[in-house]
Amino acid sequence: MKKFFVLSGSPRPKGNSNQLADQFIKGAKDAGHEVISINAYQINLKPCLGCNACWSKGKPCILDDDNELLKEAMFDTDVIVLVSPLYWFGFSGQMKLVIDKLYPFIPKISPQPSQIKESYLISCCFNAHESEYDSLRNVYHQMNEYMGWTSKKELLVNNMVSFGDINKTKYLEEAYQLGYNL
Ligand SMILES: Cc1cc2nc3c(=O)[nH]c(=O)nc-3n(C[C@H](O)[C@H](O)[C@H](O)COP(=O)(O)O)c2cc1C
């Protein structure tokens with residue numbers, strides 16, 4: 001049994017990316033795995049100030065926000081699943097804000113590093129070319145390197161123009177199988 005942290009950065013609860021995340025979660029739960037799910041647009045996080053005072057008040061971030069929710073997710077899980085629509089060739093703003101707040105958990109520099117060892121990337125975008133994802137993939141790969149994660153799979157779906165387009169594809173089933181067959 002594994003424990004998953006599914007971090008979604010789509011502001012659309014039933015948008016294409018979140019539908020993939022829901023299927024991934026369903027598959028993982030059906031296979032007996034545990035999931036902690038956080039939607040970036042639903043939690044109250046203030047942006048990182050770069051003050052380098054992480055952990056100085058006994059919690060990941062000194063700011064008065066929901067940063068302790070990230071502590072549970074980063075300490076109690078083995079695998080992270082990053083889910084985001086592609087916005088301007090990268091993560092959504094909501095997602096970037098949360099990613100900045102993962103700074104207190106970086107194994108190389110943190111007194112309280114995360115134990116997560118594996119990662120997945122799930123994203124949807126409008127345009128058809130695979131290269132649309134180059135920048136996002138580059139950031140994701142660098143994050144893996146820095147966090148000590150091994151990337152297990154990138155599920156990147158092009159041609160998602162409108163709300164609900166994902167329903168016409170094979171990718172919901174693929175996301176379910178990814179969660180199920182870990
Ligand atoms: C602010 C914004 C920026 C976007 N940037 C890109 C982009 O760089 N490349 C692209 O192909 N699609 C882009 N899109 C389209 C979305 O990635 C696409 O509609 C996606 O399917 C939305 O996912 P969601 O349903 O999970 O919200 C952008 C959409 C928005 C709102």
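Mentor: The residues of the shell around the ligand divide into nine nonpolar, six polar and two charged. The model is a predicted one.

Trainee: Which residues come nearest to the ligand?

Mentor: The shell has 17 residues, and those that come nearest are Gly15, Ser17, Pro85, Phe126 and Met160.

Trainee: Which element gives the most to the shell around the ligand?

Mentor: Helix 1, residues 16–30, gives the most, with three residues.

Trainee: Over how many bridges do strand 3 and strand 4 pair?

Mentor: Strand 3 and strand 4, the latter being residues 118–124, pair over seven bridges in the parallel sense. Within strand 4, Ile122 stands opposite Val83.

Trainee: How many residues of strand 4 are buried?

Mentor: Six of its seven residues are buried, so strand 4 is mostly covered. Take Leu121, which lies in strand 4. A residue is buried if 20 or more other C-beta atoms lie within 10 Å of its own. Leu121 has 24 within 10 Å, so Leu121 is buried.

Trainee: Which residues does Leu121 touch, not counting those up to four places away in sequence?

Mentor: Leu121 touches Leu82, Tyr140 and Glu154. Leu121 and Ile80 are 41 residues apart along the chain, and their C-alpha atoms are separated by 8.7 Å. For another pair, Thr169 and Tyr87 are 82 residues apart in sequence and 21 Å apart in space, C-alpha to C-alpha.

Trainee: Where does Thr169 lie, and is Thr169 buried or partly exposed?

Mentor: Thr169 lies in the loop between strand 5 and helix 5. Thr169 counts as partly exposed because it has 15 C-beta neighbours inside 10 Å.

Trainee: How do I read the buried side of a helix?

Mentor: Start with the general idea. An α-helix has 3.6 residues a turn, so residues three or four places apart point the same way. In helix 3, residues 93–100, the buried residues are Gln94, Met95 and Val98. They cover an arc of only 95° around the axis, which puts them on the same side of helix 3.

Trainee: What covers the buried residues of helix 3?

Mentor: The cover includes strand 1 (3–8) and strand 3 (79–85).

Trainee: And how do I read a phi angle?

Mentor: Most residues other than glycine have a negative phi. Trp55 has a positive value, with phi near 70°. Asn159 also has a positive phi, near 65°.

Trainee: Where are Trp55 and Asn159 found?

Mentor: Trp55 lies in the loop between strand 2 and helix 2 (67–75). Asn159 is found in the loop between strand 5 and helix 5.

Trainee: Are Trp55 and Asn159 buried or partly exposed?

Mentor: Trp55 counts as partly exposed, with 15 C-beta neighbours inside 10 Å. Asn159 is partly exposed, with 13 other C-beta atoms within 10 Å.

How values were computed. Residues are numbered from 1 along each chain as its sequence is written. This is a predicted model: local features need pLDDT of at least 70, side-chain atom pairs count only at pLDDT 80 or more; totals for chains, interfaces and linings use all residues. A residue is buried if 20 or more other C-beta atoms lie within 10 Å of its own, exposed if 12 or fewer, and partly exposed in between; C-beta atoms are placed from the backbone. Helices (H or I, at least four residues) and strands (E, at least two) are DSSP runs, numbered from the N terminus. The arc is that of the directions from the helix axis to the C-beta atoms. Two residues are in contact if their C-beta atoms, placed from the backbone, lie within 7 Å. A residue is near a molecule or strand if its C-beta atom, placed from the backbone, lies within 6 Å of it. Ala, Val, Leu, Ile, Met, Phe, Trp, Tyr, Cys and Pro count as nonpolar, Asp, Glu, Lys and Arg as charged, and the others, Gly among them, as polar. Two strands pair if DSSP finds at least two bridges between them.
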